[in-house]
Amino acid sequence: MEEKKRLLVVSAHAADYVWRAGGTIAHYIQKGAPVRVIVLSLGVRGESNHLWKTPGVTPQEVADIRRRETFAAAKALGIQNLQCWELEDYPLRATPELESRLVEELRRFRPDILLSHDRFDILNPDHNQVSELVFRCSVISNSAGVQVGDTAATRQMGIFGFEPHQTELSRYRPGCFIDITDSFPQKKAAMACFQAQSHLIQYYTDRAAMRGNHARRLSGNGAIAYAESFSAFFPYAGDGFVV
Ligand SMILES: [Zn+2]
C-alpha cells in the first residue's frame, strides 16, 4: 500500500478498525493521506458483553459508552473523519438502503484503497456480511451505468481485508504487512479506550509483535518492531515493482 493514497475503512463494529488496522490508519494519517473511517454499528448487542454485566443497564447507555469510546480511540489515532452509522448489530443486515448509502459514499470519497473485513471469519457472521457488502458496493460503484445523483463511477480500488481474530481457523492468509512501529503507541492508546474489550489489548499487542517479526524477515528491515497484516483481495497489477 502506497502513501498519500485515499484510504476508506469500513468497520462492522465500534472497535474492529482499531484492533485490526489502528496502526495502519495512524501511519497513513501521519504521512498526510486522506483517511475516512465508517463504523457501521456500535456493536451494542454483540460486542459489549462486559458492559451488559452492569445490572439495569439499557441499550441506550451501552450505545452511549461505545460511541464515546470509539470517538476517543479515533482521536488517539488522529482520525478526523469518523462516521458512526449506528446500525443494529448481531445481526448486521446488509439492506438495499445500506448498499445504496455505501455506494454513494464510495462515489463521493473516491478511495484508492478500501480496508474492511476479510472474506471469511469463522465466528462472526457480521464481519462476513460486511466483507461481502463492501466488495459488492465497490463493484457497483465502479459501474458506469449505475447512476447515483451527480456522481461519476469510481475506478477499481485496491481492497484489503482485516486479519480476523481467529486467524488460522478463518483460513486467513496475509497478503501484505504494514510497518506500524512508529504508530504503535497510538494504537495502544486507542485500544485502551474500549473498557468492554480490555482483554483484547494484550492479544493484539502480541499479534503486532508477531507480524512485526514476519515483516522484518520478509523486508530485511531490522527496525520493524510491530506490523499489521492484511489479506489482498486481488493480486498486484501495475508497471512497477511493489515497494
Ligand atoms: Zn466486530
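Guide: We start with the zinc ion. Its protein donors are His-13 (ND1), Asp-16 (OD), Asp-16 (OD), Glu-47 (OE), Glu-47 (OE) and His-127 (NE2), at 2.1 to 2.8 Å. The model is predicted: local features need pLDDT of at least 70, side-chain atom pairs count only at pLDDT 80 or more, and totals for chains, interfaces and linings use all residues. Residues are numbered from 1 along each chain as its sequence is written, and side-chain values use heavy atoms, with hydrogens and water left out.

Visitor: What makes these atoms donors of the zinc ion?

Guide: Donors are N, O and S atoms within 2.8 Å of the metal (3.2 Å for Na, K and Ca); water is not among the atoms, so sites may look incomplete. The listed atoms lie 2.1 to 2.8 Å from the zinc ion, so they qualify. Along the chain their spacing reads H-x2-D-x30-E-x79-H.

Visitor: Why is the site of the zinc ion called irregular?

Guide: Six donors count as octahedral if opposite donors are over 155 degrees apart and all others between 65 and 115; four count as square planar on those terms, or as tetrahedral if all angles lie between 85 and 135 degrees; anything else is irregular. Here 6 donor atoms make angles of 50 to 159 degrees. Ideal angles for six octahedral donors are 90 or 180 degrees.

Visitor: Why does His-13 count as buried?

Guide: Buried means under 20% relative accessible area, exposed over 50%, partly exposed in between (1.4 Å probe, protein chains only). His-13 has 0%, so it is buried. Asp-16 has 1%, so it is buried too.

Visitor: What makes strand S2 mostly covered?

Guide: In S2 (residues 35-41), 7 of its 7 residues are buried.

Visitor: How do you know that S1 and S2 pair?

Guide: Two strands pair if DSSP finds at least two bridges between them. S1 (residues 7-11) and S2 have 5, so they pair, running parallel. Val-9 stands opposite Val-37 in S2. S2 and S3 (residues 82-87) have 4 bridges and also run parallel.

Notes: Helix = DSSP H or I, 4+ residues; strand = E, 2+ residues; numbered from the N terminus.
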